[in-house]
Amino acid sequence: MTILQKTIIFGHRGSAGTYPENTMESFKAAYEAGAEGLEFDIHLTKDLVPVVIHDETINRTTNGEGWIKDLTLEQLKTYDAGNWFDNSFKGATIPTLDELLQWVSTTSLLLNLELKSGLVRYPNVEKIVLEYLTKYDVKERTIISSFNHYSLVEINKLDPEAETAILFMEGIYEPWNYARSIGASGLHCYLPVAAPDLLQGAQKAGMPVRPFTVNEEKHMYALIKGGCSAIITDYPEKAIAIRNELNSK
Ligand code: G3P
Ligand code: CA
């Protein structure tokens, strides 16, 4: 039996392939499927409450309309975040970070908190999320990522112990050097960028790579066989089955 270096499976927005993304239902499904980690997205409401949702507006994933920055938590909670996906999920709401962490603190799940601070510059979002991670004592098992690398620098200024990872879509040359230069310690790249030269270079440099979004079986097989540190997938159950199969050979 070959024991491969274990590739950690992060459920993207929970189990976004089979559940309404970024809902408690989706996170619990990823956990029950056996994912070791959860990836999720954070924005701030008008009253500065961190909430778990991907887009800047609620238009795509709820029955409402409007920008999160313009809606209070009380207003946001009146909308349905499950029915758009399938009517069997009617009644799901947009979770607050508080609700998510309260449940996570009863598990040993790893977290990948993505700060969606690129289009809207939410005031003090970095400080606010660090306070929540401290409140629930989950900072040591959380990786904070963002496409807005200024936010990552801010996180590291506020808390040099916090673990950060750069999100990127294009072929940054030797991204491990760039990541280190801004205090980040992980590479969260778009799957097509995770080519052998990047994977091998990062491995040599001792920096974990966690590509997104790895949904096709052929990519799961290749990355898990290659010993990639982690993958971020909408189908954690499929990734776990593939990892089990490879480990039993
Ligand atoms: O964190 C990985 C991935 O979620 C980044 O892209 O647009 O799905 O949030 P996006
Ligand atoms: Ca994300």
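**Reading a predicted model: surface and ligand**

Guide: Let's start with Tyr190, which is partly exposed, with a relative accessible area of 35%. This is a predicted model, where local features need pLDDT of at least 70 and side-chain atom pairs count only at pLDDT 80 or more, while totals for chains, interfaces and linings use all residues. Residues are numbered from 1 along each chain as its sequence is written, chains are lettered from A and ligands numbered from 1 in the order written, and side-chain values use heavy atoms, leaving out hydrogens and water.

Visitor: Which cut-offs separate buried, partly exposed and exposed?

Guide: Buried means under 20% relative accessible area, exposed means over 50%, and partly exposed is in between, with a 1.4 Å probe and protein chains only. Thr233 is buried at 0%, and Val193 counts as buried at 14%.

Visitor: Where do Tyr190 and Val193 lie?

Guide: Helices (H or I, at least four residues) and strands (E, at least two) are DSSP runs, numbered from the N terminus. Tyr190 lies in the loop between strand E7 (187-189) and helix H7 (196-205), and Val193 is in the loop between E7 and H7 too. Thr233 belongs to strand E8 (residues 230-233).

Visitor: Which residues form a nonpolar patch with Tyr190?

Guide: A patch takes residues with over 30% relative accessible area and no salt bridge; nonpolar side chains (Val, Leu, Ile, Met, Phe, Trp, Tyr) are joined within 5 Å, like charges within 9 Å. A salt bridge is a side-chain nitrogen of Lys or Arg within 4 Å of a carboxyl oxygen of Asp or Glu. Here Phe147, Met169 and Tyr190 make the patch, with about 270 Å² of accessible area together; such areas come from the Shrake-Rupley method with a 1.4 Å probe, and for residues only the protein chains shown count as cover.

Visitor: Which residues surround ligand 1?

Guide: A residue is near a molecule if one of its heavy atoms lies within 4 Å of it. Around ligand 1 these include His12, Arg13, Glu114, Lys116 and Phe147.

Visitor: How far are the polar side-chain atoms of Arg13, Glu114 and Lys116 from an oxygen atom of ligand 1?

Guide: A polar contact is a pair of N or O atoms within 3.5 Å; within protein, one must be able to donate a hydrogen and the other to accept it, and residues adjacent in sequence count only if both atoms are side-chain atoms. The distance is 2.7 Å for Arg13, 2.9 Å for Glu114 and 2.7 Å for Lys116. The protein covers 89% of the 290 Å² of accessible area that ligand 1 has on its own.
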